[in-house]
2 protein chains.
Amino acid sequence: MHSEVVASRSADQRDSSRESRNGNSPQLDAVSLAIIQQLQEDGRRPYAAIGKAVGLSEAAVRQRVQKLLDQGVMQIVAVTDPLTVGFRRQAMVGINVEGDVESIADALTAMSEVEYVVMTAGSFDILAEIVCEDDDHLLDVINKRIRALPGVRSTESFVYLKLKKQTYMWGTR
Amino acid sequence: MHSEVVASRSADQRDSSRESRNGNSPQLDAVSLAIIQQLQEDGRRPYAAIGKAVGLSEAAVRQRVQKLLDQGVMQIVAVTDPLTVGFRRQAMVGINVEGDVESIADALTAMSEVEYVVMTAGSFDILAEIVCEDDDHLLDVINKRIRALPGVRSTESFVYLKLKKQTYMWGTR
DNA sequence: TCGCGACCTTGCGGATTTCGCAGATCGAGT
DNA sequence: ACTCGATCTGCGAAATCCGCAAGGTCGCGA
């Protein structure tokens with residue numbers, strides 16, 4: 001009963017390479033996708049349970065998960081609502097840059113209060129999400145540290161009033 | 001006797017209801033914070049190891065983690081870079097609303113392509129991050145679905161060019 | 001066609017972890 | 001003083017993790 005399953009599944013694996021024809025760094029096949037999906041529902045789900053769900057042995061799942069972690073494709077972490085953990089002020093900051101955008105982005109990345117940095121097309125060059133403990137802290141980061149970076153032409157801040165949705169279901173649709 | 005019970009318990013409840021305006025009920029003590037911190041470094045770290053790190057028994061850690069999960073204070077999940085998982089187009093959309101902002105935010109929240117919704121102060125009323133498979137998909141979501149919502153006055157899109165930083169270290173500083 | 005590499009499977013123990021439950025402990029209210 | 005609820009500890013039993021070995025299959029290139 002096992003041999004049939006093996007044969008049919010190996011066919012599946014190969015044709016998944018067609019999915020990721022756009023060569024990003026590591027092409028994920030359908031099975032790895034499914035594993036990630038499982039771990040997005042519960043990051044502590046046992047390998048055996050995942051294996052049952054995706055049609056792989058426990059050992060294979062273990063190997064794949066390890067590789068995905070090593071490659072940095074995914075990470076398994078606890079996520080929280082910042083407000084419950086004592087960070088009362090958050091903001092998204094749109095930034096316009098003259099000169100090298102990437103170096104500014106790197107400088108932002110180095111700041112511990114900056115949670116999220118993305119280079120964008122549109123009326124901002126960079127969007128950065130910052131997480132602070134209070135208004136003073138927030139003001140300090142925006143005015144003293146971000147605007148002080150050489151090459152930052154202007155910034156616009158959007159202080160968070162209420163977080164409505166925050167999901168981590170990438171790849172789960 | 002009935003009314004007294006309510007009165008005596010109300011200290012607790014009032015405390016939490018005041019906080020829960022933003023959806024966060026419990027105030028976390030230092031130990032729970034430390035536990036979260038451990039799990040932000042590695043979501044699969046064993047309870048015994050966490051206990052050793054925070055000075056608690058394995059069973060106590062287990063109970064606290066379970067409670068934190070039940071209360072929705074944190075979740076343990078796999079997170080990925082969307083680009084490596086096949087979502088090639090992402091954008092932040094700033095939205096201006098006339099009328100009830102919250103109902104618009106709820107409508108956005110209901111869309112599966114919308115990953116992140118936050119109500120803000122500033123020149124946008126809402127910021128929404130959307131994750132799509134390609135340009136057509138993105139265009140469709142922004143123009144056909146979001147702009148079609150009654151009450152949406154205008155939108156401005158910031159297509160992601162490069163994700164530079166994405167951390168989940170809230171509370172870890 | 002043959003061998004190589006990548007990947008999977010099955011099986012196996014031993015170390016580790018999880019899990020449930022029964023007893024301490026402690027603060028608060030009665 | 002006593003109960004109640006919440007929390008922590010200790011401790012077996014069950015489950016899981018983890019490394020390892022011995023195959024099997026498939027695609028690919030010499």
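How much area do chain A and chain B bury between them, and what share of it lies on carbon and sulfur atoms? In this predicted model, local features need pLDDT of at least 70, side-chain atom pairs count only at pLDDT 80 or more, and totals for chains, interfaces and linings use all residues. Residues are numbered from 1 along each chain as its sequence is written, chains are lettered from A and ligands numbered from 1 in the order in which they are written, and side-chain values use heavy atoms, with hydrogens and water left out.

The two chains bury about 6800 Å², with 54% of it on carbon and sulfur atoms; buried area here is the accessible area (1.4 Å probe) that two parts lose on being put together, summed over both. Contact, meaning heavy atoms within 4.5 Å, involves 71 residues of chain A and 72 residues of chain B.

Polar links also cross this interface. Between chain A and chain B there are 39 residue pairs in polar contact, both residues at pLDDT 80 or more. A polar contact is a pair of N or O atoms within 3.5 Å; within protein, one must be able to donate a hydrogen and the other to accept it, and residues adjacent in sequence count only if both atoms are side-chain atoms. On the side of chain A that touches chain B, the residues divide into 38 nonpolar, 18 polar and 15 charged. For these classes, Ala, Val, Leu, Ile, Met, Phe, Trp, Tyr, Cys and Pro count as nonpolar, Asp, Glu, Lys and Arg as charged, and the others, Gly among them, as polar.

Six salt bridges span the interface of chain A and chain B, a salt bridge being a side-chain nitrogen of Lys or Arg within 4 Å of a carboxyl oxygen of Asp or Glu. In the salt bridge of K164(A) with D106(B), the closest N and O atoms are 2.8 Å apart. Over all chains, the count comes to 20 salt bridges. Within chain A, R64(A) pairs in this way with D29(A), the closest N and O atoms lying 2.9 Å apart.

Turning to the helices (DSSP runs of H or I, at least four residues, numbered from the N terminus), the axes of α3 (residues 47-54) and α4 (residues 58-70) of chain A come within 8 Å and cross at roughly 100°. Because 65 to 115 degrees counts as roughly perpendicular, α3(A) is roughly perpendicular to α4(A). Y47(A), A48(A), I50(A), G51(A) and V54(A) of α3(A) meet E58(A), V61(A), R62(A) and V65(A) of α4(A). This contact has six nonpolar, one polar and two charged residues.

Notes
Axes fitted to C-alpha atoms, helices over the stretch in contact; angles between N-to-C directions. Helix = DSSP H or I, 4+ residues; strand = E, 2+ residues; numbered from the N terminus. Parallel < 35°, antiparallel > 145°, perpendicular 65-115°, else oblique.
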